[in-house]
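Welcome! Here is a short briefing to read with the structure at your side.

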Amino acid sequence: MTESALTAARPTTSPAAVAIRIRGLVKTYDGVRVVDGLDLDVMTGECFALLGPNGAGKTTAIEILEGFRVRDSGEASVLGSDPAHGSRAWRARIGVVAQSTGDSLDLSVREILDHFAVYHANPRPTGELIAAVGLESKAKTRINGLSGGQRRRLDVALGVQGQPDLLFLDEPTTGLDPQARRQFWTLVEQLKAAGTTIVLTTHYLDEAAHLADRVGVINGGRIVEIAPPEELGGRLRGTATVSWLTDGHREEITTTTPTAVLRDVLTRHSDGELSELSIYRPTLEDIYLSLIDNTATHTAATHAAATHGTTPTAEDPS
Amino acid sequence: MTTSAPIGPSRTATLTPPGWPPVALARVKLETKLFFRQRDQLVFSFLYPLAMLLIFGSVFGGEEASPGVSFSQYFVAGIAATGIMLTSFQSLGISIAVERDQGDLARLRTTPMPTVAYFIGKAGMVLVSTALQLALLLILARVAFDVPFPVDAAHWVTFAWIALLGSVSGSILGFLVSSLPRSGKSASSVIAPIALVLQFFSGVFFVYASLPGWMQQVAALFPLKWLTQGMRSVFLPADAAAAEVTGGWEHGRTALVLIAWTVIGLVLASRTFRWRRAQ
């Protein structure tokens with residue numbers, strides 16, 4: 001498969017159109033606002049990643065957009081329709097790879113793909129789909145005989161079978177081994193190149209950074225920041241932390257001008273060797289973790305250039 | 001996942017998804033294939049009535065249920081009715097609950113499959129497997145216990161409409177009851193006892209006319225009693241009607257009760273049916 005064949009597969013139409021538009025989306029369960037005033041635009045042809053920890057509201061939000069859940073309030077438009085009242089024709093334009101879908105059917109990979117093809121106006125040929133997700137050797141295997149990763153590939157095959165204009169991928173690589181993840185990424189890149197709009201949820205930062213044109217960091221049911229992966233974190237990205245030990249006590253200065261700070265520190269300690277002197281730039285992970293930690297976000301926004309006591313080191317975001 | 005196959009969209013215009021008839025037909029074929037692949041369903045819904053006929057027929061076959069009516073004849077009627085209920089109500093109720101719990105229904109909901117095709121697929125599967133089951137039952141009853149086939153065209157017609165109405169109402173009540181279990185695991189233990197109690201109350205294993213009055217009254221509220229009585233009108237001689245509680249086969253009332261359950265079930269099921277498991 002050459003790049004040109006993929007991109008030539010579809011003529012580009014209305015390039016700047018908005019595929020998804022949501023405003024003030026709210027969903028409450030048992031008094032908890034799981035989605036709490038979400039605003040979002042996803043452009044046609046874009047790959048958008050919703051990145052956030054478990055329980056951030058990613059799946060609830062995406063299931064509202066898929067038409068699976070009904071929002072409590074707010075506006076939502078997906079491919080020009082209200083997802084709460086999506087018609088069959090609307091569903092035909094949407095592909096869904098949900099977080100956990102049915103695998104109880106006593107069917108082989110080929111049988112289920114052949115059957116689901118009946119639902120679509122213009123299904124991808126089964127053989128082509130099986131090859132695209134790398135299940136050739138498992139075509140005759142019953143679903144319950146597949147590994148977790150192989151089932152996930154089948155989920156993806158079923159999700160793209162109807163050649164959707166818009167594809168939802170809800171944590172598509174959770175449970176995949178590293179190699180299968182990489183292969184999956186290649187598949188998503190092909191779909192993107194062919195013009196499919198993709199909305200992806202993930203709690204893997206590297207996945208969002210690798211696949212998405214833009215990343216929306218979601219926490220507590222709200223969008224914390226939306227930016228291309230390389231711009232995520234804004235001012236925080238330009239900071240560095242200068243750190244050293246004095247009498248067994250760690251000193252840290254977080255600054256946007258590490259050279260000046262270092263010069264100053266060296267001047268003040270011109271008499272000897274500074275123990276464990278380092279200049280530390282935040283990794284994407286540090287930025288992400290501080291974004292989803294409200295207090296850190298506050299600190300980053302107001303004191304990015306000032307001294308503070310802790311570096312945003314890796315804590316478990318759960 | 002190789003990079004060798006194209007998977008992106010290739011059409012130039014959005015096409016309308018296919019209409020429901022071809023999808024419904026494909027669903028009937030798929031459901032039937034799945035039904036015969038599921039061993040537990042085959043045993044407990046499809047083969048169970050045949051086994052019950054063999055057991056009860058062998059033990060009590062020589063005795064008379066009422067003057068001129070052998071127990072075998074009486075059982076064949078009751079077990080034909082039971083088979084219909086198990087394949088429609090019990091087996092459908094359990095399998096839908098399991099499909100919902102496992103996410104198969106949610107997956108279907110992500111496709112443009114027409115909703116009606118799903119229901120027709122299930123009901124069609126019930127009709128196919130019920131027809132097959134009844135055919136085997138008739139043959140077994142005749143070969144093993146000398147129970148004759150329905151004696152004339154009129155009896156065959158009665159047999160057909162009772163079986164059809166029983167299957168349709170049972171299927172719809174199967175859709176309805178599928179929402180009762182909270183998980184797929186509990187589906188059997190929630191749904192099967194309903195079917196089992198109804199079998200004892202409705203004159204399947206015991207002569208209905210000799211049951212306590214309160215049991216008869218409870219049973220008369222549900223379809224199985226009427227289905228069983230209708231089947232007796234097919235397999236028992238005409239004068240056996242005198243041994244019924246009301247002294248007649250009550251075809252009109254049977255049709256009315258089954259249709260009423262169909263309508264009530266349809267209204268309730270359309271309000272309670274869910275594609276996703278409860279949160």
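**Two helices in chain B**

Helix α6 (residues 153-177) of chain B packs against helix α9 (residues 223-235) of chain B at an angle of about 165°, and their axes are 9 Å apart. Axes here are lines fitted to C-alpha atoms, for helices over the stretch in contact, and angles run from 0 to 180 degrees between N-to-C directions. Helices (H or I, at least four residues) and strands (E, at least two) are DSSP runs, numbered from the N terminus.

This is a predicted model, in which local features need pLDDT of at least 70 and side-chain atom pairs count only at pLDDT 80 or more, while totals for chains, interfaces and linings use all residues. Residues are numbered from 1 along each chain as its sequence is written, with chains lettered from A and ligands numbered from 1 in the order in which they are written.

**How the helices meet**

- α6(B) and α9(B) are therefore roughly antiparallel to each other (angles over 145 degrees count as roughly antiparallel, under 35 as roughly parallel, 65 to 115 as roughly perpendicular and the rest as oblique).
- Their crossing, α6(B) with α9(B), is left-handed (the near helix is turned anticlockwise from the far one by less than a right angle).
- Residues of α6(B), including B:F159 and B:I162, meet residues of α9(B), including B:L227 and B:M231; contact means C-beta atoms, placed from the backbone, within 7 Å.
- By class, this contact of α6(B) with α9(B) has six nonpolar, seven polar and no charged residues.

**A sheet in chain A**

- In chain A, three strands make an open sheet, ordered β2-β1-β4, with antiparallel pairing (strands pair if DSSP finds at least two bridges between them).
- β2 (32-43) and β4 (73-78) of chain A stand at the edges, each with a single partner strand, so one side of each has no neighbour in the sheet.
- From one strand to the next, the twist averages 15°.
- Strand β1 (residues 18-29) of chain A is joined to β2(A) by nine bridges; A:I22 has A:L40 as its bridge partner in β2(A), and A:V18 has A:M43.
- β1(A) and β2(A) form a hairpin with two residues between them, and A:D30 in the turn has a positive phi of about 50°.
- Helix α2 (residues 58-65) of chain A lies across β1, β2 and β4 of chain A, at about 120° to β1(A).

**Confidence**

- The model scores ipTM 0.84 and pTM 0.80.
- Chain B averages a pLDDT of 88 (the predictor's confidence in each residue, from 0 to 100).
- Within chain B, confidence is highest in α6(B), at 95, whereas pLDDT stays under 50 over residues 1-5 of chain B.

Definitions and conventions:
Contact = placed C-beta atoms within 7 Å. Nonpolar A, V, L, I, M, F, W, Y, C, P; charged D, E, K, R; others polar.
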